[in-house]
Amino acid sequence: MNEALLRELVPAVIGVLVRRGADFASAEDAVQEALAGAVRTWPEDPPRDAKAWLVAAAWRRFLDAARAEAARRGREAAAAAEPPAGPVPGADDSLWLYFLCAHPSLSPASAAALTLRAVGGLTTRQIAAAYLVPEATMAQRISRAKRRIAGLPLDRPGDPATVLRVLYLVFNEGYGGDVDLAAEAIRLTRRLAGATGDPEAAGLLALMLLHHARRASRTGPGGRLVPLGEQDRSRWDTGLITEGVAVLQAALARDRLGEYQAQAAIAALHADAPSAEETDWVQITEWYDELLRLTGSPVVRLNRAVAVGEADGPQAGLAALEGVDPALPRYAAARAHLLERAGDLERAAELYAEASRAAASVPERDHLVREAARVRRSPRR
Amino acid sequence: MAKYLLLKHYRGAPASVNDAPMDRWTPEEVSAHMQYMRDFAARLEAAGEFVDSQALSPEGVFVRSGGEGRPPVTDGPFAETKDLIAGWMVIDVETYERALELAAELSAAPGAGGRPVQEWLEVRPFLAPASAAAE
């Protein structure tokens with residue numbers, strides 16, 4: 001059995017332990033230990049029923065830990081440490097785990113880490129490597145998060161939007177190690193969308209699939225960033241695009257539009273264009289209008305101005321940029337792009353250089369420096 | 001082995017020999033420079049001498065405690081005269097001479113006109129943790 005299949009079982013096994021009366025934090029620890037045991041012993045001695053093996057091993061570890069804890073605290077305290085009786089999650093879904101790990105009382109980074117461990121079945125070491133922090137730091141972040149949500153009722157579904165935000169965060173961030181967090185986020189979102197039937201969960205899944213489809217073409221030699229308009233579209237993953245579009249269409253047919261579906265619709269229109277020149281910017285602008293209506297987000301307003309610039313020309317784009325907060329990340333880059341197209345190369349180069357100084361990542365900074373250099377070198381129109 | 005910090009400055013170091021701001025280079029020169037830096041780090045890694053490398057944003061402020069119960073006091077953004085660190089590389093090498101040699105190699109990254117930038121890098125030895133034999 002490979003590691004990915006093993007990890008699939010984690011939420012269900014945590015669920016079994018919780019239904020038997022274990023508290024979430026101890027159940028989660030016990031399952032992680034059982035998992036480590038499985039990785040050690042299964043290659044030599046594979047179990048007949050993987051899930052049953054994990055449940056038995058995790059339960060044994062939970063009991064050992066509970067006994068040790070009781071002995072440490074003494075008899076009196078032990079009685080108080082009995083897991084509280086109360087509503088327990090239903091048999092076959094791990095939805096409650098998603099809600100618990102993305103609980104609004106947790107910071108986004110803690111929620112992401114906890115989700116990756118308890119729902120994704122990743123080890124602390126893998127999560128630490130993905131976020132480039134020491135393992136001890138990540139272990140603390142996770143155990144503090146578990147303490148914070150200890151005692152919360154497990155039977156009440158929370159706001160799906162908080163779960164989606166955490167999954168989107170997992171998709172967008174994560175830099176190192178041997179785990180592909182984007183793929184992991186897609187796996188978790190696919191399961192969530194399947195279990196809830198929520199159109200926004202499907203919208204987020206579609207958005208992830210459509211972005212993921214472009215991944216190979218997004219970076220050039222030496223990790224340099226290749227913007228959408230310059231990507232080699234023959235390298236886009238048509239399988240992922242097809243799936244993303246199908247998931248999106250099914251979601252849109254439910255007629256409960258949300259921000260992820262609108263963003264996915266924009267990504268789908270890009271995916272649909274055989275070349276950058278054939279992009280349907282008019283429709284994309286309409287989707288940005290929709291997105292702006294849904295979110296009122298300043299970032300959406302900024303992206304909309306770029307789309308307007310493509311649909312109706314750079315002057316219209318610059319007009320749409322009026323009133324957008326210049327302090328936003330990428331404002332300078334967007335304005336530079338529009339000014340370049342409007343023929344104001346001098347100012348465009350200055351703004352690209354300014355944008356490079358405010359860039360949030362090395363590839364973005366290098367790209368913007370190159371853009372400034374390119375515009376300075378291009379012949380005056 | 002001993003660890004050294006190679007510090008690169010946005011401002012505050014003496015002027016490079018080939019001193020033109022990067023956005024005045026050609027895009028190809030910018031790419032060649034980035035490639036040289038990546039190759040250099042990869043060579044160090046292969047040689048077992050690489051520890052860490054990070055780049056810093058030029059944005060930043062000074063901050064100090066405002067006293068008990070008071071919010072932090074900030075001063076900034078940095079004045080134009082301030083020494084400004086752009087990034088660093090940490091290496092673990094056999095000798096001080098090797099540290100200088102590697103810093104010089106890094107400083108020779110190609111710049112405007114494809115000629116080496118020959119910028120000044122700061123080389124700082126780490127204070128080592130107490131060794132087992134030290135008493």
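**Salt bridges and buried helices**

Reader: How does R256(A) count, buried or partly exposed?
Author: Its relative accessibility is 48%. Buried means under 20% relative accessible area and exposed means over 50%, with partly exposed in between (1.4 Å probe, protein chains only). So R256(A) counts as partly exposed.

Reader: Which atoms are left out of side-chain values here?
Author: This is a predicted model, with residues numbered from 1 along each chain as its sequence is written, chains lettered from A and ligands numbered from 1 in the order written.

Reader: How far apart are the N and O atoms where D198(A) and R256(A) meet?
Author: These two side chains form a salt bridge, that is, a side-chain nitrogen of Lys or Arg within 4 Å of a carboxyl oxygen of Asp or Glu. D198(A) sits in the loop between α11 and α12 of chain A, and R256(A) in the loop between α14 and α15, 58 residues apart. D198(A) is buried because its relative accessible area is 15%. From N to O, the D198(A)–R256(A) distance is 3.8 Å.

Reader: Which residue does E28(A) meet in a salt bridge?
Author: E28(A) is in helix α3 of chain A, and its partner is in helix α9 (residues 135-149), 118 residues apart. Both of them are buried, and the N to O distance is 2.7 Å. The partner of E28(A) is K146(A).

Reader: How many salt bridges are there over all chains?
Author: Some of them join up: E3(A), R7(A), E8(A), E184(A), R187(A) and R191(A) are linked in a network. Side chains of opposite charge can pair when their charged atoms come close. Over all chains, the rule gives a count of 31 salt bridges.

Reader: How many helices does chain A have?
Author: Chain A has 381 residues, and 46% of them count as buried. Its C-alpha trace spans about 85 × 45 × 40 Å along the principal axes. Helices (H or I, at least four residues) and strands (E, at least two) are DSSP runs, numbered from the N terminus. Chain A has zero strands, and its helices come to 21.

Reader: How many of the 10 residues of helix α2 in chain A are buried?
Author: The buried ones are V10(A), P11(A), V13(A), I14(A), G15(A), V16(A), L17(A) and V18(A). They pack against several helices of chain A, including α1, α3 and α11. The helix is largely enclosed by the rest of the structure, because the buried residues number eight.

Reader: Which residue of chain A forms a salt bridge with D23(B)?
Author: Across the interface of chain B and chain A, the rule finds one salt bridge. D23(B) lies in the loop between β1 and α1 of chain B, while its partner is in helix α21 (residues 362-377) of chain A. Both partners are buried. The closest N and O atoms are 2.5 Å apart, and the partner of D23(B) is R376(A).

Reader: Which residues of chain A does T26(B) touch?
Author: T26(B) is in the loop between β1 and α1 of chain B, and it counts as buried because its relative accessibility is 15%. The contact between the chains (heavy atoms within 4.5 Å) takes 16 residues from chain B and 16 residues from chain A. Leaving aside residues up to four places away in sequence, T26(B) touches A373(A) and R377(A).

Conventions
This is a predicted model: local features need pLDDT of at least 70, side-chain atom pairs count only at pLDDT 80 or more; totals for chains, interfaces and linings use all residues. Side-chain values use heavy atoms; hydrogens and water are left out.
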